[in-house]
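Visitor: I should like a close look at one residue of this model, with its backbone and its setting. Please go on from there to other parts of the chain.

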Amino acid sequence: MKRRKMMATMGAISLGLASSPLSKAEVVKKPYKITEKTIETDILIVGGGTAGVVAAIQAGRAGAKTTLVESGSQLGGTTTTGGVSFPGIFHAWGKQVIGGIGWELVMEAVNLNDDILPNFSIIPNNTTIRHWRHQVTVNPALYAMIAEEKCVEAGVDIHYYETPTSIEFKDGKWFVKTVGKGLSNEIICDQIIDCTGNATAASIAGFKLLREEDTQPGSFVFRIGGYDLEKLDLSKIPKEYHSRLKQNMLINSDVKVESSVNNFPPTSPYNYVYVHGADSSTSELHTKANLEGRASLLQLIRKLRTFPGCEKIKLLDARPETAIRETYRIDGLYKITHNDYVTGKVFEDSLSYSFYPIDLHRNGKSIYQEFLKEDVVATIPLRALIPKNSQNFLVAGRCLSSDRLANSALRVQASCMGMAQAAAVAAVLAIKHKVTPANVPLPELKNMLKEHGGIVPNA
């Protein structure tokens, strides 16, 4: 009896009940109060996705007081929350064309997860060896944490769950009002870099945007398991579902062989359902895209489990939101054209490379692709990151100024990382020289980029 009494007492203590009787609940007169603050900073980054992370780290490392506003709960965007956890492409024709902070983040995630890099010395010929075999897979959760750590180390002030509602330029400064959970801030800054992917900040600031009536579908990314492909009788399963089950891009028994071209991605199954008309430019539209993505996936899982041998299929993972390919772009000082891209045109103000085929997903039924000819690598000029009629404002990421076909290639993650680092350096030097980014000294800009590991095209 003594032991039973002692155990009961220990249980009560572990629940915090033995020390004192329950007190009466206090009545709080104002349970929810909006906190209002004024924040002064040098550079405001709007959007903490693929581009925003790199821009923020670069600005912070260059000594600028940097504030990063992100509407979601973590950094990384398409790479993490969207689940496209194979940022690329960093290499072209046997050499590295994009480096710097983006590559640093990727390599740290790879090393910390003991992942395997592709054999970059084997040059894709786009027939037997495709461009996507040079993608680098990262653990998305790990990547998000590393990105956050590096932002904090660079002195970046991160604001999650926050979004701008008004952006006004007056007396040489930007005045940005933001709202979030329990807060309403006014951020006063010298420079803005819009990394939202949707040109959200540019739109609020009043700059002209570009967009076609038709847009590419989004992708809701997931992983499935619980079946043995080799034991399935595919003749008893409708052909339209074979690719879902084969995961043929992912299976590579030679992945650890030194001479192999690492298949993509090497560490886990990957698949997605298309979400037609997916749009993340407003909360309402992004909600719609997420609802449709999850509903389509649920329908697919239920259907797959009706096939012989697939009765135990399991959903291993689904990403938090639909990954978006295309919404708005700025109308910039220069618009990168399809011809510029496929011919690898180099401009005097080219600051970073982009290597990916023209890749236009059409209604989920087909993909229009144009592969770059041997030794051709596209470049991104500073002017394509600056909206017309703007002062002290840049963008980075898929909302840069470009036509639709060029944008279908420029939107990929490594390209966004390279241009984001360039945009941040331009913003830092604009503050230093008290000029707008279009007027920063190009030689100094290129040298500073190289000092921070960037790979700069030669005009």
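Guide: Alanine 199 has a relative accessibility of 0% and therefore counts as buried (under 20% relative accessible area with a 1.4 Å probe and protein chains only; over 50% is exposed, and partly exposed lies in between). The model is a predicted one, in which local features need pLDDT of at least 70 and side-chain atom pairs count only at pLDDT 80 or more, while totals for chains, interfaces and linings use all residues. Residues are numbered from 1 along each chain as its sequence is written, and side-chain values use heavy atoms, with hydrogens and water left out.

The phi of alanine 199 is positive, about 60 degrees, although this residue is not a glycine. Most residues other than glycine have a negative phi. Alanine 199 sits in the loop between β10 (191–194) and α5 (200–204); helices (H or I, at least four residues) and strands (E, at least two) are DSSP runs, numbered from the N terminus.

Lysine 434 also has a positive phi without being a glycine, at about 55 degrees. Its relative accessible area is 79%, so lysine 434 is exposed. This lysine lies in the loop between α10 and α11 (442–451) and follows α10. In α10 itself, 18 of the 21 residues are buried. The end C-alpha atoms of α10 (residues 413–433) are 30 Å apart, which agrees with the 30 Å that its 21 residues should span, taking 1.5 Å times one less than the number of residues.

Another backbone feature is the peptide bond from glycine 88 to isoleucine 89, which is cis, with omega near 5 degrees. Isoleucine 89 is placed in the loop between β3 (66–69) and β4 (91–92).

Helix packing can be followed around α4. The axes of α2 (residues 50–61) and α4 (residues 140–153) come within 8 Å and cross at roughly 25 degrees, so the two helices are roughly parallel (under 35 degrees; over 145 is roughly antiparallel, 65 to 115 roughly perpendicular, the rest oblique). Axes are lines fitted to C-alpha atoms, for helices over the stretch in contact, with angles from 0 to 180 degrees between N-to-C directions. From α2, Val53, Ala56, Ile57 and Arg61 meet Ala147, Lys150 and Cys151 of α4, contact being heavy atoms within 4.5 Å.

The axes of α3 (residues 100–112) and α4 come within 9 Å and cross at roughly 130 degrees, and α3 and α4 are therefore oblique to each other. Residues in this contact include Glu104, Leu105 and Leu112 of α3 and Leu142, Tyr143 and Ala147 of α4.
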